Amino acid sequence: MKKYPDKKTIALAAAAFALIVSLGIGSAMAYFTTYATANGGVQINLGFTTTKPDEKVIDMTKHIQITNTGDHECYIRVKALAGAEYQEKLTYSDQSGKWSPGADGYYYYSDIVKPGKSTEELLVGVKNIKDSMESTNTQKDFNVVIIQECTMVSYGEDGKPTADWTKIADTATNTYTGDKGGGK
């Protein structure tokens, strides 16, 4: 005759099984029901490229240097404007050979200007202005206005730096946008 386990053994086995199953279900339920949420945020400031012109007038010639006061490397261009009588008489020169004229009337600085560094001097004068004033013995008022712009250095897929003069910095929203503006 076969001997079956008694009720105590069955109850003990059932209790052990229930204990093991309940321990496993707790972790499985935690896995399926646990989630996390987060609130708040952190503002990230990627910085902008800004420049500051330094102009000195010596012997009727403007000596112009531009300093990169921003956070990134940049390219710089400069344009001089004068009244209709003087615009065609403007002359540009530099000792470094790093400034070159563009088709759009700007003079472009060839090197990348790092933050805290400055361009070489660009000289802007008015041809024959001193002779004209001395020969007529008159003093005319005129002003040469310097417009300077910068653009952050962009790197192409090949790793070469380029200047994208169509980008416009919107400091109100901390973004750059494209424009159909000119370039070199």
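Me: Looking at W99 and Y109, are these residues buried or exposed?
Reply: Buried, both W99 and Y109. Keep in mind that this is a predicted model. For the whole protein, 22% of the 184 residues count as buried.

Me: Okay, and how do I read a pair of aromatic rings?
Reply: You describe it by two things, the distance of the centres and the angle of the planes. Here the count comes to 4 aromatic pairs. Take Y92 and Y107: the ring centres are 3.9 Å apart and the planes sit at 15°, so this pair is stacked.

Me: Why does Y107 count as buried?
Reply: Because its relative accessibility is 17%, and the cut-off for buried is under 20%.

Me: What about the geometry of W99 with Y109?
Reply: That aromatic pair is tilted, at 5.0 Å centre to centre with 55° between the planes. W99 is in strand β5 and Y109 in strand β6, 10 residues apart.

Me: Which residues form an aromatic cluster?
Reply: Y106, Y108 and W165 make up one cluster. R77 lies over the face of Y106, 4.0 Å from the ring centre.

Me: Now C74: where does it lie?
Reply: In strand β3, residues 74-81. C74 counts as buried because its relative accessibility is 0%. C74 and T151 are 77 residues apart in sequence, yet their C-alpha atoms are 5.4 Å apart in space. Leaving aside neighbours within four places in sequence, the contacts of C74 include T49, D111, C150 and T151.

Definitions and conventions:
Residues numbered from 1 in each chain as written. Predicted model: local features only at pLDDT ≥ 70, side-chain atom pairs only at ≥ 80, totals over all residues. Heavy atoms only, no water. Helix = DSSP H or I, 4+ residues; strand = E, 2+ residues; numbered from the N terminus. Buried < 20%, exposed > 50% of the residue type's maximum accessible area, 1.4 Å probe, protein only. Contact = heavy atoms within 4.5 Å. Phe/Tyr/Trp six-rings, centres within 6.5 Å; stacked < 30°, edge-to-face > 60°. Lys NZ or Arg CZ within 6 Å of the ring centre and 35° of its normal.
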